[in-house]
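Look at the sequence and the structure below before reading on.

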Amino acid sequence: METLAALGQGFLVALQPTNLLWGFLGVTLGTFVGVLPGLGPALTIALLLPITYTVEATAAFILFAGIYYGAMYGGSTTSILLNTPGESATIVTALEGHRMALSGRGGPALATAAIGSFVAGTIGTIGLTFLAPTVVELALAFGPADYFSLMILAFVTVSATLGSRPLRGLAALAFGIWLGLVGVDLQTGQARFTFGLLELLDGINVIVVCVGLFAVGETLWLAHRASLREASVVPVRGSLWLSREDWRRSWPAWLRGALIGFPIGALPAGGAEVPTFLSYWLERRLARRPEEFGKGAIEGVAGPEAANNASAAGVLVPMLTLGLPTSATAAIVLSAFQSYGINPGPLLMETQPQLVWGLIASLYIGNLLLLALNLPLVGIWVRVLSIPQPLLYPGILVFATVGTYGISQSPIDLLLLYAIGLVGFLMRLFDVPTAPVVIGMILGPLAEQELRRALTISQGDPTVLLTRPLSATLLALAVLALLAPVLWRRLVRRNLAGG
Amino acid sequence: MPGRRAGIAFALGILALAAVVAIEAARIPQSAYAVVGPRVFPFAVAALLGLLGLLLLIQALAGHLRPADFAGEPVDRQAAGWVGLGLFANVALVQSLGFVLASSLLFLCVARGFGSRRPLRDLAIGLLLATLVFLGFSRLLGVRFGGGLVEDLLGGGS
């Protein structure tokens, strides 16, 4: 009941005309950048971080949340009509969705993706509404040692467990943590890794890293081989309406997708790819005609799209209750909180109820707006999709320059941007995930802070990490998360070898 | 085996980074007052990078760490060259010409790299976009850009 009352208050905040306007702006912008290949929510929110200096917190977070949800909807349009997925989480959608589009069923594919996103996004937001206060109660028992261990667990799951290449993911994470360490250490006042450059004393700005990895890296990547630039938009044919048969096949897949996506997103592990792959696998197993998979089965779009959106809502649970970002976008949103001097964590709901519940209420509204924006108005987004590459990528680089040069008007920042862009290019070349860099960069300094607090309380005794039951459990889980995939693969291989 | 050498170079690069981090970490002054000194995390990161670099090197030697395979397709030197030129022009000229003009040149070069053959149109679009972006970010978001030819005409960039 208390939750519902709080949510009601949240709706009063979110329904204020200016906040509605910010929400509308957010979902529109989010769909736009989701549709455009090469731009994503993390990059967009990073570019808009300066807004935190001029706009009050609630409005800014409503905007950011709209971008976050909107990009999920927009990304599916791109996957279906253009085989290059806009978001990593919509790779699976491309498998069946693009096939459907090629065989003239683009309309139903877009419809099941949009309605499924709405259904699952709403279920996920309901889950967030009721789970968040519960997690907060648990989180209040967390001491600094427990937080530190929780972060270690998140580091491992985000970079090693959920990716297909654990070593590369961890290397990306370590690189990110290192970037986060650059600058003056706030506790001791010592400069670290500044290489004598005044520009680095304040640390490396997260905008530069995000824009470098995602925008510059992607542009260099596409530039270096002609075949990467070949893409053609499949025109939408066929009615947008779902037939009775389509509905019958879609709705169970939506619900199953939502039930898979939300819990996985809400775990302090994050990652929207795993739930989409799981959902795809499940739908294929359950399908009455599994032979249709690979040729354009509507369940293969409905399930993963739902899982994707539900997990996006799930990611907000650890984000808002523990201050623990588990995706690149969530990490950027955390840095926006820091910019306002707000520390997300168990106390956030109590100290900033207007903000948190206004944000959550705006997600319900945003989902509704997005359904309207993506079904009847899908034609607009199809046209956005046909912005020619020779204009799109130069434009993205201009925005990248704005985000970077605007920080300090120093060419050094631009050189840093290019250097990180080159790293992003190499990471694409060697199939290294980029999200762990951003997560490590934001979460690394927080982990250091928690470790310091923990050891100050224990008077320098590091065994506190192992003697506190909660902390020890979390560390054990981290070790398990690190080793389980390796052991699992060995087991499977042995079984295969043994027949 | 194609790409094996590149994989080895990549792993060696991570080891080199680990070495740089370790050397720089050793140069951070100790602090007597902190329970967890300013060097602890840097050394941990160096150790982690070193370990991962070694493991990746083993993978690379076994041929399991390779760059993306393009089946013999050559690098598109022209496209990469134009993008590189645009980025270089941008950083070299942004202080003297100002953000708007330098960005327009960046736009022109990158558009050319991505296959456009209409430089005048690209320059016009680049100028328009850079001006709009400049106005949007400086007026609405309060981002500062310093001066420049176009910026001063539009009422200053700072």
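Which helices of chain A do the buried residues of α13(A) pack against? They pack against α3 (41-47), α4 (57-81), α9 (206-224), α12 (299-322) and α19 (435-457) of chain A. Helices here are DSSP runs of H or I with at least four residues, and strands are runs of E with at least two, numbered from the N terminus. The model is predicted: local features need pLDDT of at least 70, side-chain atom pairs count only at pLDDT 80 or more, and totals for chains, interfaces and linings use all residues. Residues are numbered from 1 along each chain as its sequence is written, while chains are lettered from A and ligands numbered from 1 in the order in which they are written.

Helix α13 of chain A covers residues 328-339, and its 12 residues should span 16 Å at 1.5 Å a residue, which agrees with the 17 Å between its end C-alpha atoms; the expected span is 1.5 Å times one less than the number of residues. Of these 12 residues, 10 are buried, among them A:Ile332 and A:Phe337. A residue is buried if 20 or more other C-beta atoms, placed from the backbone, lie within 10 Å of its own. After the helix comes A:Gly341, with a positive phi near 75 degrees.

A:Ile332 is also one of the residues with the most contacts inside the largest nonpolar core, which has 220 residues. Such a core is a set of buried Ala, Val, Leu, Ile, Met, Phe, Trp, Tyr and Cys residues joined through C-beta atoms within 7 Å. Domain 1 (4-61) and domain 2 (77-153) of chain B both give residues to this core, so it lies between them. The domain bounds come from an automatic or database assignment, and the C-alpha centres of the two domains lie 37 Å apart.

Chain B has 6 helices and 0 strands. Its radius of gyration, taken over C-alpha atoms, is 23 Å, well over the 15 Å that the globule rule (2.2 Å times the number of residues to the power 0.38) gives for 158 residues, so chain B is more spread out than a compact globule.

Between the chains, 58 residues of chain B are in contact with 52 residues of chain A, contact meaning C-beta atoms, placed from the backbone, within 7 Å. On this side of chain B, α2(B) gives the largest share, 9 residues. Leaving aside neighbours within four places in sequence, A:Ala171 is in contact with A:Val432, B:Ile14, B:Leu49, B:Leu52 and B:Leu56.

Key. Two residues are in contact if their C-beta atoms, placed from the backbone, lie within 7 Å.
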